[in-house]
Structure formats: C-alpha cells, structure tokens
Amino acid sequence: QVQLVESGGGLVQAGGSLRLSCAASGRTFLRGWFRQAPGKEREFLAAISWSGGSTYYADSVKGRFTISRDNAKNTVSLQMNSLKPEDTAVYYCAARNDVVLTTNALQYNYWGQGTQVTVSS
C-alpha cells in the first residue's frame, strides 16, 4: 500500500503562485493531480508518466500549471502560476499502478489526504 502526502497549499492572492508537492512512500507509475471545490465533482488537472517525458493537462490549467516529478525522491510537484479565485479547491495528488495515462479518477489506485488552496480576489 502506497501512501501519498501533499504539502504546499495555502492562501494566495489572485495572480500569485503556489507549489504543491506530493511524497509517496513507495514506487508508483502514473502520477496525477486533481482538485475538488465545494459542491463540485473531482476535477482532473494534470498527469505525468513514470519517466516524466509525457504530461497531460486539463484545458482549465494548461499554460498556468506545470507538473513534474523526481523519482529519486518519489515526489511529484505541481507549480501553479497566475492563480485565479476559481482555482480555490482542495487539491489531491494521486498515483496509479499502471503506465497508461488517464484523466479518470476511478483509475487511480492511491490518493493523498488533500491540501487546501484558497485564492483571494
């Protein structure tokens, strides 16, 4: 069983930046980030392959967010720039025991506890 622990959330003004990190207790293949705002479904944001050579982003964050990973440290990060109030949500990292890139939350095997990101206007 792999455990995921997120860090780096907080309060930031619109236009600002935050960097989220997610540490894994073991090896996983596909890593991803999702978020969930109150009253809304969990939304896919970004995913990265084992090698880091393939990434995929939701249209809502493309060009503003960047996903990266450090396999030596079993960590994945999400750099978030040009934040907007609508980015306010609980952010979750996820991991999958498979190399196939997917945006479907149901296909991820492990989840972190979530970290709150609040963007003020």
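# Exercises on a predicted model

The largest cavity is lined by G26, R27, T28, R31, W50, R69, D70, N71, N74 and T75. A cavity here is a set of points, on a 1 Å grid over the protein atoms alone, where a 1.4 Å probe fits but cannot get out, and lining residues have an atom within 4 Å of a point. The model is predicted: local features need pLDDT of at least 70 and side-chain atom pairs count only at pLDDT 80 or more, while totals for chains, interfaces and linings use all residues. Residues are numbered from 1 along each chain as its sequence is written, and side-chain values use heavy atoms, without hydrogens and water.

## Exercise 1: the cavity and N74

Find how many cavities of 30 Å³ or more the structure holds, and describe the lining residue N74.

Step 1. The structure holds one cavity of 30 Å³ or more. The space in the largest cavity is about 30 Å³; a volume is the space filled by probe spheres set on the grid points, which are joined across faces, edges and corners.

Step 2. N74 is in the loop between strand 7 and strand 8. Strands are DSSP runs (E, at least two residues), numbered from the N terminus.

Step 3. N74 has a positive phi near 55°, though it is a residue other than glycine. Its relative accessibility is 22%, so N74 counts as partly exposed (buried means under 20% relative accessible area, exposed over 50%, partly exposed in between, with a 1.4 Å probe and protein chains only).

## Exercise 2: strand 5 and its partners

Trace the pairing of strand 5 with strand 4 and with strand 6.

Step 1. Strand 4 (residues 30-36) and strand 5 run antiparallel and are joined by five bridges. R31 has I48 of strand 5 as its bridge partner.

Step 2. Strand 5 pairs with strand 6 (residues 55-57) over three bridges, again antiparallel. Here I48 has T55 as its bridge partner.

Step 3. Each hairpin has a glycine with positive phi: G39, near 80°, for strands 4 and 5, and G52, near 85°, for strands 5 and 6.

Step 4. Five of the six residues of strand 5 (residues 43-48) are buried.

## Exercise 3: T115

Is T115 buried or exposed, and which residues does T115 touch?

Step 1. T115 belongs to strand 11 (residues 115-120). T115 counts as buried because its relative accessibility is 11%.

Step 2. Leaving out residues up to four places away in sequence, T115 touches E6, G9, L20, A89, V90 and Y91 (contact means heavy atoms within 4.5 Å).

Step 3. At 3.3 Å, the T115 side chain reaches the backbone nitrogen of G9.

Key: Helices (H or I, at least four residues) and strands (E, at least two) are DSSP runs, numbered from the N terminus. A polar contact is a pair of N or O atoms within 3.5 Å; within protein, one must be able to donate a hydrogen and the other to accept it, and residues adjacent in sequence count only if both atoms are side-chain atoms. On a 1 Å grid over the protein atoms alone, a cavity is a set of points where a 1.4 Å probe fits but cannot get out, and a pocket is an open set with protein on both sides within 12 Å along at least five of seven lines; lining residues have an atom within 4 Å of a point. Two strands pair if DSSP finds at least two bridges between them.
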